[in-house]
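Welcome, and thanks for opening this report. Have a look at the sequence and the model, and then let us walk through some contacts together.

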Amino acid sequence: MPDAIKTLSSQLAQDPDSLVFLRLGELLRQKGQLDTAHRVALTGLERHPHLPDAHDLYARILADKHDYERAFDEWDMALRIAPDHVGALKGLAFLYFKVGDVQQAAAHLEAAQRAAPDDPGVAQALAMARGGGPGGGGAEAGAGGRGTEPLTEPEPIAPAAQPLEEARVFAGLEGAQEGLLLLDASGRVLGGALKDPTGQDVTDAVAAYLAGVSQEAARTVKLLGLGRWTGLAAEGTLGHVHLAPPTSDALLLVVRDRAVPMGRLAIIAQRAALAARRWLEAHA
Amino acid sequence: MTAPAAAYGKALDLITRVRGVRGAMLVSAEDGIVVAEQLMEGIKGPAVSALAASLATRLRRAMEAAGVGASLFWHLQAEQGALLVVPTPAGTLVVAVAEPDVNVGLVRLELLRAAEVVG
């Protein structure tokens, strides 16, 4: 394999526009050289931003680095470019498994199976998703990996797939304890936490100011005849915030620094709102 | 408010000429009173301005407490439209009411330009 890496590296150096970066990046990933793989994939992606395989490769590397949020975005992007991309469908299924959304995982695996009916990994993962078969790691291996090769080190499915049993509403989401907050209508903190850029916990102060915001937003859009409010994005001098109503009497707040674009923040908020809604339903 | 009244109309023109914008207002952030408006018929300016100002105050306080600094722009999204707001340093809110498919980036730019005019 080192020879193959050397050969592919040499080919890529000779022709930086070639698609050989896909094989090189994957080999490096399989060897666990994630930082190098990351650089190769990113450079390739910059040269081929509309290539779904490039997004897929990058997502796999991100997932191996446990950066699931960005991996989700990359697989999502791959699917936008190529809706039947099997790698992306399997990757997203893997991530849905990780957050406990077995239904969505199965839906993605079914789509992957339609696109690649002979893929044994998909069939195996789908069987796990539908039947909740014994043993850990099988569905993850089929969903996120290539063939029977696990995407990451084997992890048992059950604990990761049942976040509703956990006390923390945003378990598994990036920034769960520093940039995500779930409040009830009166501003009571239901989950998550918030820290300011100095690391100080500001959860309660922010929650107090946000009490009643959901109702006020609802009143404003009602007055304007705009239907239901779906979100409030705000740009600050040092960071961005996004508010969303996961249910009519709850409010979700996502805070990130200015490096995170508003559009990406909205995607993060959508995902967190989904987790919050499930958690609220489970704890109703 | 530092600009002459004639500048208000000019500032609102910048916003309302954007396709999909149903109206624009200048609102006193402190008390929610309409300073100037160009709204399509049926939009209740005084009520909307009061609620927008209240929302802006809560948001400003929450953002400052969260350490993300002063609010530069916010965008209340709804199923059938949006409210877009830029607060000015002098305490005026530049507000746009828009259709759901409006170009938010363009409205934001015009709101910021209008905010410079208004001061």
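## Salt bridges within chain A

Arg47(A) and Asp17(A) form a salt bridge, their closest N and O atoms lying 2.8 Å apart; the term stands for a side-chain nitrogen of Lys or Arg within 4 Å of a carboxyl oxygen of Asp or Glu. The pair links distant parts of the chain, 30 residues apart: Arg47(A) belongs to helix 3 (residues 34-47) of chain A, and Asp17(A) to the loop between helix 1 (2-14) and helix 2 (20-31) of chain A. Helices here are DSSP runs of H or I with at least four residues, strands are runs of E with at least two, and both are numbered from the N terminus. Arg47(A) is partly exposed, with a relative accessible area of 42%, and Asp17(A) is also partly exposed, at 45%. For these classes, buried means under 20% relative accessible area, exposed over 50%, and partly exposed in between, with a 1.4 Å probe and protein chains only.

Another salt bridge brings together the side chains of Arg29(A) and Asp64(A), at 2.9 Å from N to O. Arg29(A) sits in helix 2 of chain A and Asp64(A) in helix 4 (residues 52-64) of chain A, so this pair ties together parts that are 35 residues apart in sequence. Both Arg29(A) and Asp64(A) are buried.

## How the model is read

This is a predicted model, in which local features need pLDDT of at least 70 and side-chain atom pairs count only at pLDDT 80 or more, while totals for chains, interfaces and linings use all residues. Residues are numbered from 1 along each chain as its sequence is written, chains are lettered from A and ligands numbered from 1 in the order in which they are written, and side-chain values use heavy atoms, with hydrogens and water left out.

## Around Glu235(A)

The side chain of Glu235(A) meets that of Arg258(A) in a salt bridge of 3.7 Å, N to O. Arg258(A) lies in the loop between strand 5 (250-257) and helix 13 (262-282) of chain A, and Glu235(A) in strand 3 of chain A, so the pair ties together parts that are 23 residues apart in sequence. Arg258(A) counts as partly exposed at 38% relative accessibility, whereas Glu235(A) counts as buried at 6%. Elsewhere in chain A, salt bridges that share partners join Glu26(A), Arg29(A), Asp56(A), Arg60(A) and Asp64(A) into one network.

Glu235(A) also takes part in a salt bridge between the chains, with the side chain of Arg108(B) at 2.8 Å, N to O. Back in chain A, strand 5 holds Arg256(A), which counts as buried at 11% relative accessibility. A polar atom of the Arg256(A) side chain lies 3.4 Å from the backbone oxygen of Gly179(A).

## Where the chains meet

How many residues of chain B are in contact with chain A? There are 34, and they touch 40 residues of chain A, where contact means heavy atoms within 4.5 Å. Chain B and chain A bury about 3100 Å² between them, 66% of it on carbon and sulfur atoms; this is the accessible area (1.4 Å probe) that two parts lose on being put together, summed over both. Three salt bridges are found across this interface.

Strand 3 (residues 229-236) of chain A pairs with strand 3 of chain B in the antiparallel sense over seven bridges, pairing being called when DSSP finds at least two bridges between two strands. Within strand 3 of chain B, Leu76(B) is the bridge partner of Leu232(A).

## Chain B

Chain B has three helices and five strands, running α-β-β-α-β-β-β-α from the N terminus on. Of its 119 residues, 53% count as buried. Among contacts in chain B between residues at least 6 apart in sequence, 48% join residues at least 24 apart.

Is Leu26(B) buried or exposed? Leu26(B), in strand 1 (residues 21-28) of chain B, is buried at 0% relative accessibility. Leaving aside neighbours within four places in sequence, Leu26(B) is in contact with residues including Tyr8(B), Leu12(B), Ile33(B), Val94(B) and Val118(B). The C-alpha atoms of Leu26(B) and Gln38(B), 12 residues apart along the chain, are separated by 9.2 Å.

Notes. A polar contact is a pair of N or O atoms within 3.5 Å; within protein, one must be able to donate a hydrogen and the other to accept it, and residues adjacent in sequence count only if both atoms are side-chain atoms.
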